[in-house]
Amino acid sequence: MPPATRATGPRNVEVTVLLLDIGASMHADLDSAAHALSAYVETRMLSRPNSDLALVYFGTSGTSNELHDEAASAGDPTQYLHISVVHALQQPGLSMLRSLRQVPRGDGESDFVDALTVALDSLYKAVALRDELQGPRVAKRIVLLSQLATQIKPDPGNAFKDTLVRKLAQQGVTLDLVCLHPYLAVPGTRAQLQYILDNTPHTLREVHDAAELAGAFKSREVTATAFYSGPFTISEDFEFKARSSTQAPAQAGCGVLAGQSPCCLRGWADGEGCICLPHPLPFVLQVKVAKKTNQEKLPSLGKESPFDSTDPAASHGLTLAREYRVAEEGDAGEEVAQEERVKVYRYGKQLVPVSTEEERYLKYAVSRGLSLLGFVDAASIPRHHYMKECWVVVADKASPTALAALAALAAAAHKRDQVAIVRYVPRAGGAIHVCAAAPVPAARAAPAHLLLNVLPFAEDVRDFRFPGFDRPERRPGLRANQAALDLVRAGALQEGPRERLVPEHVANPSLHAFLRLVANKALGVEPGADHGPDALRSALEREGLPGSEPGLAKACAELRSAAGLGGPRRALGRSPSQRLRPELAIQDMHAALGEEGAAQSLAALRGMHRHILELMRGSPGDRDVDAAVECAAAMREAASQHFQPDAWNSFLKDARKGFLNEAGKSRFLTDMQEAGLTPLGPARGGSGSLRDSLGTEG
């Protein structure tokens, strides 16, 4: 056998044909579709310099493609009508961006099979003319964006589609299909599409509105690379029992390879069931770890000078230099050389020097690798303990034993609803992480793998003491609980089987705005003149979501009333300095009392009730007593005018309970007594002794 040869040719080269439906069914969403493809082009221009793109429209009013011209020359001018190649394969530039900013509305009809054929022909002819695109490392794809709302031509025996599938495979082309409003697709057209997809490498994204369409293409695509490649050590504390081929046959469906001696892994399931492998499980598995999720940041803006230089060969970059000098009063001091500088740890007012030899003892010394520590129930790890980005652990495809062993481990842990706890040190001498490894069993689209999430150490956990419900004003009543339940139901983001705001479909509007700004500057558009489609800006706003119907507003109003949140403004919503001013709190109460209805007046009085109590609780000593008494006087007068004596009397009881025996704050009760702020009620004729009316206990 001749020795294997490495593939040659350029790396990270990608050729793509953008295929956009501009027919009548797409007119309502054409601006959003064009913006999505424009963002795709901008991404390639900024982050994929080795990408070549072509742009093809179908459903156009006219026809402009070579296949149609060839068929017309052969005597059949009816083939491949209403398909136009707008830009042949080339490096993306401003002309393509301009075309996507001014997409015409077509009135022709052309099915997607003909459009795919024209796109593939354009791709094949362009690649054949360029030697640098002949290598196997060149990725080829066709991106199709359509509603599939046009009936396709009859194809008896699927002969035409079989030819298309064969040519796609010969050219190594991947299909990326974005189907907008899939419920509008013609059933026959969708069935024919599925036939092609079943025989072609592809990705299929179903988009239900313009907001989701903005997230159909990522603003930046990052290829998964192994951050760690090495051993995954299985703890020897677990018991592994092998079963020879002469023992009882494997259980049905356990996946023993024919003609090989099976073995069973029982340590994971405590003897329940059987997981069979073609070879005994090794103690060390060769795995690769890559990032599953990672927060994408806005591109940084570098500092360049001089900005107005017209010489393309000039160097505009700035370099940053740092100097260390001895601090001296009135003088910059003498510069300290590199060899004279020492790392120190500030301990109080002292400086503790740490030498290079001692620095290695600052970290917990542990070898690089991934080690299994044990298993816990998945429900025992709260969601807020997942601290950082998620990692994916896959077995090295060069090791069949590792593939089988990791598949067995993931299947067994998933069956028991458990997650593995592992120690993860990706770099020698680097930080040590304790992670929860959630199992993901093998599926058709992906092999079995683990998902790592970093867990906190004790020093990472922050304690927060929540206020209890021991005070009456903090206890929600039955009406408030029911109103909150109605609010949750009305605001559900679930529409049947589909969920809104799924992370994979929500674009980052900040990243898209950055790309739009760069493109606008290149096209000479004034800043602020073009923000892109409204759907992108409103993707994360309440309007337009399924829970924004009138039922949500009604539930909000009911909860607001039940919880006593009366009035459009409340003193508690002001800044701390403003809360000390009684005239502002009184102004807010009167604004709320201006609304009609006994429920609104009661809610306004309860708001003042809470404000006064919180003002006194936060007061150092008797500093805020005068402000609290002024607010209380206004509250009593309002309670009397709006026939709400119980609201005032309830406040007096809470005030006495909270401040009667508290040093420095009991003056609040005395001052209210002296100001005549006595209980209300017909039994006492509207006045009485504060202490007598509320009892003498304590």
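Start by selecting Glu-558 and Arg-479: these two form a salt bridge, and their closest N and O atoms are 2.9 Å apart. A salt bridge here is a side-chain nitrogen of Lys or Arg within 4 Å of a carboxyl oxygen of Asp or Glu. Side chains of opposite charge can pair when their charged atoms come close.

Now colour the helices around this pair. Glu-558 lies in helix H13 (residues 550–562) and Arg-479 in helix H10 (residues 478–490), so the bridge ties together parts that are 79 residues apart in sequence. Helices (H or I, at least four residues) and strands (E, at least two) are DSSP runs, numbered from the N terminus. Glu-558 is partly exposed, with a relative accessible area of 33%, and Arg-479 is partly exposed at 44%. Buried means under 20% relative accessible area, exposed means over 50%, and partly exposed is in between (1.4 Å probe, protein chains only).

A note on what you are viewing: this is a predicted model, in which local features need pLDDT of at least 70 and side-chain atom pairs count only at pLDDT 80 or more, while totals for chains, interfaces and linings use all residues. Residues are numbered from 1 along each chain as its sequence is written, and side-chain values use heavy atoms, with hydrogens and water left out.

Next, select Lys-125 and Glu-66. They form a salt bridge in which the closest N and O atoms are 3.0 Å apart. Lys-125 is in helix H4 (residues 112–128) and Glu-66 is in helix H2 (residues 66–73), so this pair connects parts 59 residues apart in sequence. Lys-125 has a relative accessible area of 25% and is partly exposed; Glu-66 is also partly exposed, at 48%.

Move on to Lys-343 and Glu-359, whose side chains meet in a salt bridge (3.0 Å, N to O). This pair links distant parts of the chain, 16 residues apart: Lys-343 is in strand S11 (residues 343–347) and Glu-359 is in helix H8 (residues 356–359). Lys-343 counts as exposed, at 53% relative accessibility, whereas Glu-359 is partly exposed, at 31%.

The last stop is Glu-14, in strand S1 (residues 14–21). Is Glu-14 buried or exposed? At 6% relative accessibility, Glu-14 counts as buried. Leaving aside neighbours within four places in sequence, the residues in contact with Glu-14 (heavy atoms within 4.5 Å) include Tyr-40, Arg-44, Asp-52 and Arg-141. Select Glu-14, Arg-44, Arg-141 and Asp-176 together: salt bridges that share partners join them into one network. A search of the whole structure finds 21 salt bridges.
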